Amino acid sequence: MAWDLNSARPIYTQIADVIRRRIVGGVYPTGHKLPSVRDLASEAAVNPNTMQRSFAELEQEGLICTERTAGRFVTEDQSVIETQRERLIRSAVFEFAEKMRGIGVESGQLCEQIETVLKEGDEKFEN
């Protein structure tokens, strides 16, 4: 099944975001060998060159590394992964807060709503 990509941003950055989230979320753990460019390109329904460009971006960030004949692997440097996790969290929180401000939600009210929703979610999981 093709990945959910749109034309609002360059496709290669969206692909890098998907792989980045998979790494940070543990789908691809530290030291894990990544699927080949062709396999992931096929999964995402994109050109292999586009996938290659996404890998290059992730490699520049230090999230993945290439071993010449063995393929690409997730970094074993946990601090790099934690830095990316923090960046993703902050970005998501900022985006959410901006949306809430757009509908007139104040910071205090936003915090209260988040606490309420999380508590309701915890109660759902307990039952």
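Student: In which helix is the place of Leu 58?

Tutor: This is a predicted model. Within the model, the place of Leu 58 is in helix α3.

Student: Is Leu 58 buried or exposed?

Tutor: Buried means under 20% relative accessible area. The relative accessibility of Leu 58 is 0%, so the residue counts as buried.

Student: With which residues is Leu 58 in contact, leaving aside its neighbours within four places in sequence?

Tutor: Leu 58 and Gln 78 are 20 residues apart in sequence, and their C-alpha atoms are 15 Å apart in space. With neighbours within four places in sequence left aside, the contacts of Leu 58 are Ala 16, Ile 19, Arg 20, Leu 63 and Ile 64.

Student: Against which elements do the buried residues of α1 pack?

Tutor: The buried residues of α1 include Thr 13, Gln 14, Ile 15 and Val 18. After α1 comes Gly 26, which has a positive phi near 90 degrees. The elements against which the buried residues pack are α2 (37-44), α3 (48-61), β1, β2 and α4 (78-102).

Student: Which residue in β2 stands opposite Ile 64?

Tutor: Strand β1 (residues 64-67) and strand β2 (residues 71-74) run antiparallel and are joined by 4 bridges. A hairpin of 3 residues leads from β1 to β2. Opposite Ile 64 stands Val 74.

Student: Which element gives the largest share of the lining of the largest pocket?

Tutor: The largest pocket has a volume of about 240 Å³. Two or more lining residues come from each of α1 and α4. The largest share, 5 residues, comes from α4.

Student: How many residues of the lining of the largest pocket are charged?

Tutor: The lining of the largest pocket consists of Asp 17, Arg 20, Arg 21, Arg 87, Leu 88, Ser 91, Ala 92 and Glu 95. Asp, Glu, Lys and Arg count as charged. The lining has 2 nonpolar residues and 1 polar residue, and the charged residues number 5.

Methods. Residues numbered from 1 in each chain as written. Predicted model: local features only at pLDDT ≥ 70, side-chain atom pairs only at ≥ 80, totals over all residues. Heavy atoms only, no water. Pairing = 2+ DSSP bridges. Buried < 20%, exposed > 50% of the residue type's maximum accessible area, 1.4 Å probe, protein only. Contact = heavy atoms within 4.5 Å. 1 Å grid on protein atoms, 1.4 Å probe; cavity = no way out; pocket = protein on both sides within 12 Å on 5 of 7 lines; lining within 4 Å. Points joined across faces, edges and corners; volume = space filled by probe spheres on them.
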